[in-house]
Amino acid sequence: MKLIKQLSVIFFVAAVFALVNFCMYEGVTVRLANNFSDATQIKMIDVKNFLPFNEESELVKIDTDFSMTGELPVLDGAAALVPVYASVINSLYPENSVTFTGGVFSDDNYYGENFSPDSKMQYKNTVRGYKAIVDGETDILFCAAPSEEQKKYAEEKGVELVFVPVGLEAFVFFVNKNNPVDGLTADEIRDIYAGEIKNWKELGGVNRVINPVTRIEGSGSQSAMDAFMGDREYGLKSVFSVTGASLGFSFRYYLSGIVGNSDVKMLSLNGVYPSAENIRNGSYPVIAKFYAIYRADNKNENIPLLVDWLLSDEGQRLIEETGYVRIN
């Protein structure tokens, strides 16, 4: 009898141990195996690679007879568009127009902290950039469409902004390169972010929870995602999403050209891949305009001259050579 009790205890302990290990395997090991969560770890733009008048910069320089003199407009913009407006300065502005506090560019200058107040190039990114254009600190802002909060801020300040489309870009979705899924439909992506599809196996992928990642409120990509969702609301993530396989979104050239993240791949949307050609011919489903934005009451006479040049053949060639798609 005593032996039976001992065997029963041993069997019970072994069963509990096996159950714990099974739960650990199913809940952690399986979910972490082939984990694609790092798909959304987009690198930050390195501004020092896009400084005008620097021979080592990755900027476009257009040979043109047009140049800016007099009251030079201060240019600012989103991270994705730094190469565009920095190339404008590189092509049209005098060399002493970009200056730095302390005289040299700082390696810690991730968000434009080191540009001096009188520099004609600034970098505040989208969130701070929209505030700067409304507050009159910037003359032309290169950005995607504003969020509702950014529109509201301009209205509250009594400021009318002029939006001039100067180029085209694709709003894209991406996953880790090891994720076997190569494409989704727009409705499937909306269902994922609404919380109705939670596992990649529902989409022909592996048995992994989907981690639908969002961006900071007011950023250009998050505003584009809000527009993409339309009247669909974002749903709650699975409690296991952080150990699952991520789905992210961005703009095509920022992902493939500026940060050049080789660990991710862009997805086809409704069967169409976001190539430059598919943006030009209009077959990719989500094409976003980006704008040169200025205050309607700004009296700087160089602003309309610069905007007109951006829409000229030379300006549109700069847009294309920078990596984007011309508007006309």
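**Entry 1: K265**

I began with the side chain of K265, where a polar atom lies 3.3 Å from the backbone oxygen of V181. I also found a polar contact between the side chains of K265 and D182, at 2.6 Å. For a polar contact I take a pair of N or O atoms within 3.5 Å; within protein, one must be able to donate a hydrogen and the other to accept it, and residues adjacent in sequence count only if both atoms are side-chain atoms.

I note that this is a predicted model, in which local features need pLDDT of at least 70 and side-chain atom pairs count only at pLDDT 80 or more, while totals for chains, interfaces and linings use all residues. Residues are numbered from 1 along each chain as its sequence is written, and side-chain values use heavy atoms, with hydrogens and water left out.

I placed K265 in strand β7. Helices (H or I, at least four residues) and strands (E, at least two) are DSSP runs, numbered from the N terminus. K265 counts as buried because its relative accessibility is 19%; buried means under 20% relative accessible area, exposed over 50%, and partly exposed in between (1.4 Å probe, protein chains only). Leaving aside neighbours within four places in sequence, I listed the contacts of K265 (heavy atoms within 4.5 Å): F173, F174, V175, N176, K177, N179, P180, V181 and D182.

**Entry 2: D263**

I then looked up D263, in the loop between α7 (252-258) and β7 (264-266). Not counting residues up to four places away in sequence, D263 touches V175, N176 and K177. I also checked D263 against N178: they are 85 residues apart in sequence, and their C-alpha atoms are 8.3 Å apart in space.

**Entry 3: α2 and the cores**

I went through helix α2, residues 82-92, and found 11 of its 11 residues buried. Among them are V82, Y85, N90 and L92.

Next I looked at the largest nonpolar core, which has 44 residues. Such a core is a set of buried Ala, Val, Leu, Ile, Met, Phe, Trp, Tyr and Cys residues joined through side-chain atoms within 4.5 Å. L75, F142 and L306 have the most contacts inside this core. Elements giving two or more residues to the core include β2 (140-143), β3 (161-176) and α9 (302-311). α2 gives the most, with 7 residues.

A second, separate core has 37 residues, including F171, Y193, A224 and Y284.

**Entry 4: S119**

I found S119 in the loop between α2 and α3 (125-135). Why does S119 count as buried? S119 counts as buried because its relative accessible area is 1%. A polar atom of the S119 side chain lies 2.9 Å from the backbone oxygen of M121. Leaving aside neighbours within four places in sequence, I noted V74, S97, V98 and T99 as the contacts of S119.
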